[in-house]
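Trainee: Could you take me closely through one part of this structure, the site where the ligand is held, and explain the terms as you go?

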Amino acid sequence: EKETIGLKVVLLGEVQVGKTSVVLRFTSDSFNSEQESTMGAAFSTKSIELGDKIVRFDIWDTAGQERYHSLAPMYYRDAVAAIVCYDITNVQTFEKAKEWIRELQINGTQIICLSGNKCDLPNRQIPTKDAETYAEDMGCHFFETSALNNSGITEMFMSIAHHIPTI
Ligand code: GTP
């Protein structure tokens with residue numbers, strides 16, 4: 001009987017950057033090109049075997065709409081990790097990601113991942129190097145991801161697990 005470790009992970013970021021899509025790709029290996037906007041927040045879980053342990057990700061996908069911003073602390077307060085998403089084709093979403101990272105650092109969130117999503121799209125506005133340098137300066141992990149192509153997402157969740165001292 002393997003020991004199960006639950007890890008609470010929260011996703012934050014501007015509307016439409018693909019938070020729900022990143023979660024759906026990870027939890028059910030699916031993608032919906034007409035994914036509806038999240039209201040409030042949505043919970044899902046996914047368990048993976050890692051050596052002699054089972055890691056269960058307890059995932060809170062929050063709504064990007066500004067009217068839900070004040071609810072966010074309820075979800076990130078006791079989360080061990082946060083994934084902050086932006087859309088690599090939209091500078092404004094990168095600025096919003098920076099705001100979330102500042103807020104999470106004030107909160108003392110242990111592990112913060114910056115996810116440059118939609119990296120399958122050709123019309124990039126944020127050079128990889130810029131985001132990488134920013135993440136490094138802030139002590140965050142950085143991944144470019146695509147929920148459409150399934151790139152970077154498993155790696156990102158696994159890196160969270162690997163940074164938990166008890167795993
Ligand atoms: P809110 O719930 O409104 O905050 O949005 P969200 O951040 O959860 O975004 P959502 O997952 O709903 O995706 C928004 C749109 O972007 C949908 O049409 C998705 O199909 C699309 N999308 C999400 N991820 C990707 C991706 O990696 N590549 C591409 N090309 N489109 C994506």
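Mentor: A term to settle before the lining is described is residue class: Ala, Val, Leu, Ile, Met, Phe, Trp, Tyr, Cys and Pro count as nonpolar, Asp, Glu, Lys and Arg as charged, and the others, Gly among them, as polar. A pocket, on a 1 Å grid over the protein atoms alone, is an open set of points with protein on both sides within 12 Å along at least five of seven lines, and its lining residues have an atom within 4 Å of a point. This is a predicted model, in which local features need pLDDT of at least 70 and side-chain atom pairs count only at pLDDT 80 or more, while totals for chains, interfaces and linings use all residues. Residues are numbered from 1 along each chain as its sequence is written, and side-chain values use heavy atoms, with hydrogens and water left out.

With those terms in hand, the residues that line the largest pocket divide into seven nonpolar, 14 polar and five charged. The space in this pocket comes to about 430 Å³, a volume being the space filled by probe spheres set on the grid points, which are joined across faces, edges and corners. Its lining has 26 residues, of which Gln16, Gly18, Ser21, Gln35 and Lys118 are the closest to its centre. Helix α1 gives the most to that lining, with three residues; helices here are DSSP runs (H or I, at least four residues), numbered from the N terminus.

The ligand sits in the largest pocket, in the sense that more than half of its atoms lie within 2 Å of the pocket's grid points. Around the ligand there are 24 residues, and Lys19, Ser21, Ser37, Thr38 and Asp120 come nearest, where a residue is near if one of its heavy atoms lies within 4 Å of the molecule. This shell is made up of seven nonpolar, twelve polar and five charged residues, and its largest share, three residues, comes from α1, which spans residues 19-28.

Polar contacts, meaning pairs of N or O atoms within 3.5 Å, can then be followed one by one. An oxygen atom of the ligand lies 3.3 Å from a backbone N or O atom of Val17. The side chain of Asn117 has an N or O atom 3.2 Å from a nitrogen atom of the ligand, and a polar side-chain atom of Asp120 is 2.7 Å from a ligand nitrogen atom. Taken alone, the ligand exposes 660 Å², of which the protein buries 92%, with accessible areas coming from the Shrake-Rupley method with a 1.4 Å probe.

Terms used. Polar contact = N/O pair within 3.5 Å; in protein donor to acceptor, adjacent residues only side chain to side chain. 1 Å grid on protein atoms, 1.4 Å probe; cavity = no way out; pocket = protein on both sides within 12 Å on 5 of 7 lines; lining within 4 Å. Helix = DSSP H or I, 4+ residues; strand = E, 2+ residues; numbered from the N terminus.
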